[in-house]
Amino acid sequence: MLEEKEKTKNHSWKDKLKLSNQQKKKIYRMLGAEQFQKVVFLIEDIRYWAIDRFFPNMKDWYEAACDKNYSEAMKHPSKKKKQKSLYDYQMMKLAFRKELAYKQNRNYHYNPNHPMKFIEYLEKNKRIHQIGFLKNFGFLILLGVCFPVLSNIFPMIYPILMMVFMIGLVKDFECINLQNYNLCRFQEERMKKRLEELEEIRQSENQILLSRVIEPVSTIIENQIELPNIHQIVQQVKTEEEKQQLISYAKRQLENLRKTKEQPKQKKIGGI
């Protein structure tokens, strides 16, 4: 009986210390999450401006790298693994094409067709920056320990290295803070439930909208690593109903693209 009371007491004490989602979000905001998001969007704009201006073949380079990696991975696969890997690489290509078309990094903008996918991107991005934070912190400790030697041997290079790793440390910290802020928002029970409902509704709508054209187009996709071009898709579409479905879907995507470009990024923390 005493043990049960002690456990209840300890549990109650821990519950009091546990922060609510609202309290966590407030802390992340105080640490600069919303301000840093504006910096991320600015860098994003510069990135896609630079790609358009200096790297017009970026899509071809990326997809060629995907094809090469796929060929290496498929030298001795099982049929099941081959199909899954083909799908994975094609999804990577589609995601990159969407980034170039919308000029948006998938880690910071949720996909209306797959809202829950955004949480996966946030978690993955957070892990990458956690590793980066630890590396930068480790290098700073090492530089601090070696200060007497390095400052004498490399008096000009030493402060530059310190500055580089400090900037990297701050950047990784703010990225982690931003991911935590958005994860708090998207993993709230009501928000998560709403996103799951939206995903189910959108998937059902797309299934109906593309019910006739899915099969002929998927036939191409399942038999080649390259994504089908417009000519290949048109060749597979035979009936008038299939043509109308394809046109309706294309119009819908163009309308989504137009709305996305018109909406100010600063108002879309986390893409929503």
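Let me start with contacts. Count the contacts in the chain with a separation of 6 or more, and 77% of them are between residues 24 or more positions apart. Keep in mind that this is a predicted model.

Now the overall layout. The chain has 12 helices and zero strands. Read it along the sequence and you get α-α-α-α-α-α-α-α-α-α-α-α. There are 272 residues, and 33% of them are buried. The accessible surface comes to about 18,900 Å². Carbon and sulfur atoms hold 61% of that surface.

Take α6, residues 117-145.

On to charges. Side chains of opposite charge can pair when their charged atoms come close. How many salt bridges does the model have? The count is five.

Asp52 sits in helix α3, residues 33-54. Lys103 sits in the loop between α5, residues 79-102, and α6. The two are 51 residues apart in sequence, so the pair ties together separate parts of the chain. Are these residues buried or partly exposed? Asp52 has 46% relative accessibility, so it counts as partly exposed. Lys103 has 29%, so it counts as partly exposed as well.

Stay with Lys103 for a moment. Its phi is positive, about 55°, although Lys103 is not a glycine. As background, most residues other than glycine have a negative phi.

Next pair: Lys59 and Asp60. Here the closest N and O atoms of the salt bridge are 3.4 Å apart. Lys59 is partly exposed, at 29% relative accessible area. Asp60 is partly exposed, at 42% relative accessibility.

Then Lys93 and Asp67. This salt bridge has its closest N and O atoms 2.5 Å apart. Lys93 is in helix α5, and Asp67 is in helix α4, residues 58-73. They are 26 residues apart, and the pair links distant parts of the chain. Buried or exposed? Lys93 is buried, and so is Asp67.

Where is Glu226? Look in the loop between α10, residues 214-221, and α11, residues 230-236. Set aside its neighbours within four places in sequence, and Glu226 is in contact with Asp67 and Lys93. Glu226 is partly exposed, with a relative accessible area of 42%. There is also Leu86, 140 residues away along the chain from Glu226. The C-alpha atoms of those two are separated by 9.6 Å.

Now a charged residue without a partner. Glu174 is in helix α8, residues 157-186. Glu174 is buried, yet it has no salt bridge. How far away is the nearest side chain of opposite charge? That is Lys171, and it is 12 Å away. So what does Glu174 touch, leaving aside neighbours within four places in sequence? The contacts are Leu31, Gly32, Ala33 and Phe36.

One more loop. Thr239 lies between α11 and α12, residues 240-262. Thr239 is partly exposed, at 39% relative accessible area. Arg212 is 27 residues away from Thr239 along the chain. Their C-alpha atoms are separated by 9.0 Å.

Last, the cysteines. How many disulfides are there? The count is zero. Two cysteines to look up are Cys66 and Cys175. Cys66 is buried, at 3% relative accessible area. Cys175 is buried too, at 6%.

To recap. We have 12 helices and zero strands. We have five salt bridges. And Glu174 is buried with no salt bridge. Thanks, that is my tour.

Technical notes:
Residues numbered from 1 in each chain as written. Predicted model: local features only at pLDDT ≥ 70, side-chain atom pairs only at ≥ 80, totals over all residues. Heavy atoms only, no water. Disulfide = S-S within 2.5 Å. Buried < 20%, exposed > 50% of the residue type's maximum accessible area, 1.4 Å probe, protein only. Helix = DSSP H or I, 4+ residues; strand = E, 2+ residues; numbered from the N terminus. Contact = heavy atoms within 4.5 Å. Areas by Shrake-Rupley, 256 points an atom, 1.4 Å probe, with all protein chains shown as cover. Expected span 1.5 Å × (residues − 1). Lys, Arg positive; Asp, Glu negative; His and termini not counted. Salt bridge = Lys/Arg side-chain N within 4 Å of Asp/Glu carboxyl O.
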